[in-house]
Amino acid sequence: MRTRAMSTGSALGGLLLLLLLVLAPAAGARTTGVSDAAAALRQGPVYVDPGAAGQLSAADAKALAQKIRDADKPLFVAVLPANAQFPPEGLLRNLRTQTGIAGLYAVRLGDRFDAGADRSVMSGQAVRNLVTAVRQPGVDAATELNDFVDQALPVMRGSAPASWGSVGKDSGVPVAGLVVLGAVVVAGGAGAYAVVRRKRLRKEAEERAALDRLRVVVDEDITAFGEELERLDFHPAERGADDAMRGDYERALDSYDRAKSLMAAVTRPHEVRGVTQALEDGRFSLAVLAARRESRPLPERRPPCFFDPRHGPAAEDRTWSPAGGTPRQVPVCAADAARLDDGLDPVARTVDTDSGRRPYWEAGPAYGPWAGGYFGGGMLPGLLVGTVLGSMLATPAYAAEYGGTDFQDFQGGDFTGADFDSSGFGSDFGGGGGFDGGGGF
């Protein structure tokens, strides 16, 4: 009994000592560091270190935090002093690692500014562009940070982390010392879990709806390519066929089989990109085969017809503008080029939308992965500028959402811990979008 009492007394004494250390006011300025900043950012979007309180007033910080909360985006802002507690080397990467949440991180370190983002939230190039746009000599922290936030919020992906909701909208701006809120977070863990679960279920429902629409369009494309292969008047053993022709034919068949196999395995919308890329490869193989059989020069590798990728590789470029939009050069097939030259409308690929069948460029972002597979990562935004689909895709978030080939499971606002791609965070502060020019986590 005495041993148990001593053990209990020791535990209570240790707990009391811990509480005194956390809650007692410091004799001097409290030593802070990246871990304090990370703990505070898990509770709210803006952290102002006591050593940098002169850079951003409490009122400005609260207004900035409210702006981010209202937008429901995973944007984290830290205002830090340029001292030994916040070494520039690896600062963004370390802050992201210790916060553990996918998002866009902006840091004002003394009079220097930089930012980095998970690729699922914003592309590295977009981060670099935004940092360059707002970073001006002599600009005060409030102006610089508000400019960055105003430009970043409309184009970044993801939602605010559920942990922000556990503190409340009017809780103010976290500062060093708010790490004690960890106890509150533990107490409210069940509520936070429910919020996370609702967000994930909502995202899954949105993805299922987008995938259902995509399946219809992609299945039509696969069927159309299969019919082209059936109509093809070619046999590997026919007179005049050589190994090069047989190779083209085999590649076309392989592309068809690969497209069907990939589509059968698709579970998320972005995976459709690989299917349409396979179909584009197959149609180019057929174009090369046709040129060999007709003793024509082999065609150069070009994107498919902009108006309908089922038309095959583009033969030339034509100037075209969407309704109310600006003219731009688009790749077109020979038939559509002739129609445009005659003043007629091209034969456009239409898809289902909430307002009926419309050309795909007047549809929503669900068709982004489908178009991205045909036209590649960097080409599509320029082709679609000024269109409905283009207004949604031609943003700094495009490369991460539709243009890339690898997509992370973690979306903006998800808790990842240290499990994230840190290659783009760079190694030192001030390089422009990742502290060394990396531009992304």
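Hi everyone. Before we start, some ground rules. Residues are numbered from 1 along each chain as its sequence is written, and side-chain values use heavy atoms, with hydrogens and water left out. Because the model is predicted, local features need pLDDT of at least 70 and side-chain atom pairs count only at pLDDT 80 or more, while totals for chains, interfaces and linings use all residues.

Let's begin with the sheet. Helices and strands here are DSSP runs, numbered from the N terminus: a helix is H or I with at least four residues, and a strand is E with at least two. Four strands form an open sheet in the order β1-β2-β3-β4, and their pairing is mixed. Two strands pair if DSSP finds at least two bridges between them. At the edges sit β1 (46–48) and β4, each pairing on one side only. From one strand to the next, the twist averages 10 degrees.

Now walk along the sheet with me. β1 and β2 pair in the parallel sense, over three bridges, and V46 stands opposite V77 in β2. How many bridges join β2 to β3? There are six, and these two strands also run parallel. Here V79 stands opposite R108 in β3.

Stay with β3 for a moment. I'll call a residue buried when its relative accessible area is under 20%, exposed when over 50%, and partly exposed in between, with a 1.4 Å probe and protein chains only. Six of the six residues of β3 are buried, so the strand is largely enclosed by the rest of the structure. Both of its faces are covered: L104, A106 and R108 are buried on one side, and Y105, V107 and L109 on the other.

So what lies across the sheet? α3 lies across β1 and β2, running at about 160 degrees to β1. α5 lies across β3 and β4, at about 160 degrees to β4. For these angles, axes are lines fitted to C-alpha atoms, for helices over the stretch in contact, and the angles run from 0 to 180 degrees between N-to-C directions.

Take a closer look at α5, residues 124–134. Its buried residues are G124, A126, V127, L130, V131 and V134. Seen down the axis of α5, they fall within an arc of 160 degrees, so they line one face of the helix. That arc is taken from the directions from the helix axis to the C-beta atoms. These residues pack against β3 (104–109), β4 (112–117) and α6 (141–152), where contact means heavy atoms within 4.5 Å.

In α4, L91, L92, L95, R96 and T99 are buried. They cover an arc of only 130 degrees around the axis, which puts them on the same side of α4. Their cover includes α2, β2, β3 and β4. Just after α4, G100 takes a positive phi of about 80 degrees.

That brings us to helix pairs. Two packed helices are described by the angle between their axes and the distance between the axes. The axes of α2 (residues 34–41) and α4 (residues 91–99) come within 8 Å and cross at roughly 50 degrees. That makes α2 oblique to α4; on this scale, under 35 degrees is roughly parallel, over 145 roughly antiparallel, 65 to 115 roughly perpendicular, and the rest oblique. Among the residues in contact are V34 and L41 of α2 and L91 and T99 of α4.

Last, two residues for you to find. Most residues other than glycine have a negative phi. D72, though, has a positive phi near 55 degrees. D72 lies in the loop between α3 (58–71) and β2 (75–80). Is S295 buried or exposed? At 69% relative accessibility, S295 counts as exposed, and its phi is also positive, about 55 degrees. Look for S295 in the loop between α11 (272–293) and β5 (316–320).
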